[in-house]
Amino acid sequence: MKKYIKKISLILLFLILPFKAFALIEIDITRGNLDPLPVAVSPLSIDDNSKINFEKILNTENIGSEISTIVENNLRASGIFNPLNKDAFLQAPDIAHLKPRFEDWNLIKAQALITGKITYDEGKLRVEFRLWDVLAGKEILALAFTTAPNNWRRVGHIISDKVYERLTGEKGYFDTRIIYVAEEGPKTQRIKKLAIMDQDGFNNKFLTLGNELVLTPRFNPTSQMVTYLSYFKNLPRVYLLDIATGTQEVVGDFPGMTFAPRFSPDGKKIIMSFAKDGQSDIYVMDLENRIVERITNHPSIDTSPSFSPDEKYVTFNSDRSGHQQIYVMDSDGNNVKRISFGDGLYGTPVWSPRGDLIAFTKLHQGSFYIGVMRPDGSGERLLTENFYQEAPSWSPNGRILIFYRETKTDQEGDGFSAKLWSIDLTGYNERLIETETDASDPSWSSLLSN
Amino acid sequence: MSLPFLAKKSNDFPPIISVELIQIAEKTNIPFAPKEKKLIEKIKEEEKKLVSEQAPPKQVKKEKPDAVPMPDDEVKKVEKIKDDKQNPEKIDNEVKQVSEFEKKELFDPNSIAALIDKSKKDTAEILDNNDKKVTQDQDKNLGNVGLSLSEEDALKAQIFGCWSIPLGLPYNEDLMVRIKLELEPDGSVAKSEILDHARMNKPGQNFYKVLAESALRAVKLCQPLKVPTTGYERWKELQLNFDASEMLEG
């Protein structure tokens, strides 16, 4: 009994005693380095038999190295990762895939390690990969893919996406395509073709021969469908093209000029502007019943509309204030608000797929800028400045912008070129995207595999 | 109706890729490396045991049931702890030597009360120090709660350099990660614990998970931490609040 009294007294004592212990020291870490994360991409190991089989099928000497190079290039191009030099790797790829010696990878300052294995499986390509957290000494992702061998580049992109997602928390953007207008010839007589390529510039294909002028191709965010403008009897018409099947159709004949068609986020509507009776307004067409609804009605030029991801709002540019500026309104056309108030002209607003930003082109004092601002107009940031650049298009994860840039011509009219460039939201990672011809008006597809 | 002439059918893209998922768990499920898996799990279990049996239970063990502080003999008990405090490294060494046999004693029902909250015992210590007018030396170690500005700055600067902020994080979400560290006297990390660990595995918390992992990597990369050479008792436990919003907002 005495024992129990003691225990109860003890508990009471501790409850009654006031708190005045060492306070736990708290330190706020609000800064870090923004250097790309050092990652080791070990070549994917492959057994001799599989190697011989794939050499025959794909004419590629070592598909394991090739796929790891794709992953490496993708991660480097993101600006978020720093793939380490393979010469410094101490562990053989096959052993590293089984059980990495983390001390070795730590020694070369790798914080993450990617290993993999390739096998020939009854005519198919089987790729297995693992992502390791070197400092924690554990595996954090393991996946395998089986596919037709000529899909090997896509396998590299899919691995890149999975690694990107696991290490950043957001979806990747590597297994995607870019549709653009390929341009050839002198500036006054450009031949423009519709073209498509993987996001890294490979597998380029021309979709039209150049007989007709094509403009502003835009991907459907939910499928491999594209809308674009093409001129017929000097009037632009809006077309739909299914990349997967190659079929295309005219969306409709509209009175007057049509501009800047763009899909809604659910892919079921097209928003565009028509010029009619001296004014240009914004219209939405339902693709199922082809009913067209007028959204704005103002004696000014309203164009370049883009839906917010939740489709509740639309951003567009208008000169209703006297100069071209960016506006946001409800998707039914109510509550029109101007959001750009800086010096210069603002145009081509595009709502980010993440919803948090609107990208735009700005012209100020003879220079063109690509920038972003929040949907309420705050936080304007100019990411890049050049002689002439426009038409930003978001990567599906809302992290990178692709746009095109033209160079000045010399006095003889030579030296003109148009190229695709990308830049990430930090504004530091600006990259030229190599294309076979000159290129303009890019649009990024959604992820091919989700 | 005229359509733009297509160069050729563009539908020669490869078929949709089939994806097969390998089961992913906290620990690897490598089907062909069961031995390594078992070995790693065994080692981790052992580490876990050691970690969970650190300082507090050992101190309790030294106070035999009869020595559990009753209101009457409170002063006596506090004096005993004060002795320990003056030699913190000694306590630490003793804790590391806890044997399996001793561990059983840790669960002596008479000691349960002392296990409830270590901080209450610390309360007693401070009270006693104040009451007894501690010496200058003791005051140096005990009276100064927290790190000085220069000490804190040195530690911050070190961790800033080790922390690779994941660049894809959204700046408009509450993503602060709090990590509690138990440090050795040389600044190496004996234990690190994410205080809101449950959030790691909740659906839709990918960004939090990524941030938490980056914070743990920073701590591991940085150790031994640049801690002061004196006053181990003050900083043997630290809480680091990792918040990237300032950096990401630009």
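This note sets out points on the domains, helix packing and selected residues of a predicted model.

1. Domains of chain A. Chain A is divided into two parts, domain 1 (37–168) and domain 2 (177–444). Their centres, taken over C-alpha atoms, are separated by 36 Å. Where the two domains touch, domain 1 of chain A contributes 5 residues and domain 2 of chain A contributes 7 residues. On the side belonging to domain 1 of chain A, helix 3 of chain A supplies the largest share, 3 residues. Sorted by class, that side of domain 1 of chain A has 1 nonpolar, 3 polar and 1 charged residues.

2. Helices 3 and 6 of chain A. Two packed helices are described by the angle between their axes and the distance between the axes. For helix 3 (residues 63–78) of chain A and helix 6 (residues 152–168) of chain A, the axes come within 9 Å and cross at roughly 45°. The crossing of helix 3 of chain A and helix 6 of chain A is right-handed.

3. Residues at that crossing. From helix 3 of chain A, the residues that take part are A:Ile63, A:Ile67, A:Ile70, A:Val71, A:Asn74, A:Leu75 and A:Ser78. They meet residues of helix 6 of chain A, including A:Trp152, A:Val155, A:His157, A:Ile159, A:Val163 and A:Tyr164. By class, the contact between helix 3 of chain A and helix 6 of chain A has 10 nonpolar, 5 polar and 1 charged residues.

4. Two positive phi angles in chain A. A:Ala260 is not a glycine, yet its phi is positive, at about 45°. A:Ala260 lies in strand 15 (residues 257–263) of chain A. A:Ala260 counts as buried because 22 C-beta neighbours lie inside 10 Å, and the cut-off for that class is 20 or more. A:Glu311, also a residue other than glycine, has a positive phi near 65°. A:Glu311 is placed in the loop between strand 19 (302–307) and strand 20 (313–318) of chain A. With 15 other C-beta atoms within 10 Å, A:Glu311 is partly exposed.

5. A buried valine in chain A. Is A:Val328 buried or exposed? A:Val328 is buried, because 22 other C-beta atoms lie within 10 Å. A:Val328 is found in strand 21 (residues 325–330) of chain A. Which residues is A:Val328 in contact with, leaving aside its neighbours within four places in sequence? The contacts are A:Tyr313, A:Thr315, A:Lys337, A:Ile339 and A:Pro375. The C-alpha atom of A:Val328 is also separated by 9.4 Å from that of A:Pro305, and these two residues are 23 apart along the chain.

6. Overview of chain B. The secondary structure of chain B comes to 12 helices and 4 strands. Chain B has 250 residues, and buried residues make up 20% of them. Among contacts in chain B between residues at least 6 apart in sequence, 78% join residues at least 24 apart.

7. Helices 9 and 10 of chain B. The axes of helix 9 (residues 149–162) of chain B and helix 10 of chain B come within 8 Å and cross at roughly 115°. Helix 9 of chain B is therefore roughly perpendicular to helix 10 of chain B. Their crossing is right-handed. At this crossing, B:Gln158, B:Ile159 and B:Cys162 in helix 9 of chain B meet B:Ala218, B:Leu221 and B:Cys222 in helix 10 of chain B. By class, the contact has 5 nonpolar, 1 polar and no charged residues.

8. An arginine in helix 10 of chain B. B:Arg217 has its place in helix 10 of chain B. B:Arg217 counts as buried because it has 20 C-beta neighbours inside 10 Å. Leaving aside neighbours within four places in sequence, B:Arg217 is in contact with A:Gln111 and A:Leu135.

9. A cis peptide bond in chain B. B:Gln223 and B:Pro224 are joined by a cis peptide bond, with omega about 0°. B:Pro224 lies in the loop between helix 10 (206–222) and helix 11 (232–235) of chain B.

Conventions
Residues are numbered from 1 along each chain as its sequence is written. Chains are lettered from A and ligands numbered from 1 in the order in which they are written. This is a predicted model: local features need pLDDT of at least 70, side-chain atom pairs count only at pLDDT 80 or more; totals for chains, interfaces and linings use all residues. Axes are lines fitted to C-alpha atoms, for helices over the stretch in contact, and angles run from 0 to 180 degrees between N-to-C directions. Helices (H or I, at least four residues) and strands (E, at least two) are DSSP runs, numbered from the N terminus. A crossing is left-handed if the near helix is turned anticlockwise from the far one by less than a right angle, and right-handed if clockwise. Ala, Val, Leu, Ile, Met, Phe, Trp, Tyr, Cys and Pro count as nonpolar, Asp, Glu, Lys and Arg as charged, and the others, Gly among them, as polar. A residue is buried if 20 or more other C-beta atoms lie within 10 Å of its own, exposed if 12 or fewer, and partly exposed in between; C-beta atoms are placed from the backbone. Domain bounds come from an automatic or database domain assignment. Angles under 35 degrees count as roughly parallel, over 145 as roughly antiparallel, 65 to 115 as roughly perpendicular and the rest as oblique.
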